[in-house]
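Okay, thanks for coming, everyone. Let me put the structure up and walk you through a few spots in it.

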Amino acid sequence: AQFAARMEALQEKSEAHRKVSQSHQRLLDNLSTVILELDEQGRIKFLSNAWTKLTGYPIVNSLGQRMTAFLAPEKRVQHSTYKKKLASLLSGESRQCGLELPLLTRREKMIWLDCRLDVLQDETGGMFIFGCMDDITKRKKAQQELEYLAMHDNLTGINNRHYFDNVITQMSAAAARGGETHALLYIDLDHFKVINDTFGHNHGDIVLRDIASLLRGRVRKSDVLCRIGGDEFAVLIYNCHRDQAANAAEVIRDLVRGYQYSHAGHQL
């Protein structure tokens, strides 16, 4: 009778544990956060269902892979950062880390993940890495848009005065250190005020956008084109001597001189 009672109690306890385990598994399966485990070589040992929902990759095909296999190949800086931080964890130099990873989904869409990793020990004393990852693509996109707006002119879309100040400071420092020669072309549109006074600021804005487009089509990719004032533009040219800068200035002046704006039968 005592043995039967003991068996019944064990069965009840086992059933209770099973229900708790099932409850925890349902919770894990419904999390939007990806839970992962890496082994001592940095290979994936475990992934929650959120991985497939987020990336499209089946879990069974992802196990045994390294995380770098899923990172966007063009984001080399993040590749290097991940490898360095993972090496620090595996060597015991650090116990935890956080970083942002650019991941390429199965449909080749890039998403950003906020990844947090911790070093833990299992029952045998072995080491493994436990982590969680959250989708921060919307936040990252908003951040990038804010950074773009902070460095670009709203009207013309080219670089603004703030960006110009940063670049010219860097160019001056580089020139002082290495003896390099760079050039600054300052461009001011003559009689631009006449357009605003005669036709209104809307038409003046059109002219500014047209001029910015002309200049953008003329400068090299390595040159930095900025709008630094109302009708003032600047071009920063790397590794450029005075005679080369003078030639570039003449080309730009001829380009602007050849521009015409027509409105209501008037040509300016």
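This is a predicted model: local features need pLDDT of at least 70, side-chain atom pairs count only at pLDDT 80 or more; totals for chains, interfaces and linings use all residues.

When I say buried, I mean under 20% relative accessible area, with exposed being over 50% and partly exposed in between, using a 1.4 Å probe and protein chains only.

Residues are numbered from 1 along each chain as its sequence is written, and side-chain values use heavy atoms, with hydrogens and water left out.

So where does Ser-48 sit? In the loop between S2 and H2; helices (H or I, at least four residues) and strands (E, at least two) are DSSP runs, numbered from the N terminus. A polar atom of the Ser-48 side chain lies 2.9 Å from the backbone nitrogen of Ile-35.

Next, the hairpin. S1 and S2 pair antiparallel over three bridges; pairing takes at least two DSSP bridges. Glu-37 stands opposite Phe-46 in S2. Five residues separate the strands, and Gly-42 takes a positive phi near 85 degrees.

Now the largest nonpolar core, which has 26 residues. Such a core is a set of buried Ala, Val, Leu, Ile, Met, Phe, Trp, Tyr and Cys residues joined through side-chain atoms within 4.5 Å. Trp-51, Met-67, Tyr-82 and Met-133 have the most contacts inside this core. Its largest share, five residues, comes from S4. There's a second, separate core of 24 residues, including Ile-187 and Ile-237.

Methods:
A polar contact is a pair of N or O atoms within 3.5 Å; within protein, one must be able to donate a hydrogen and the other to accept it, and residues adjacent in sequence count only if both atoms are side-chain atoms.
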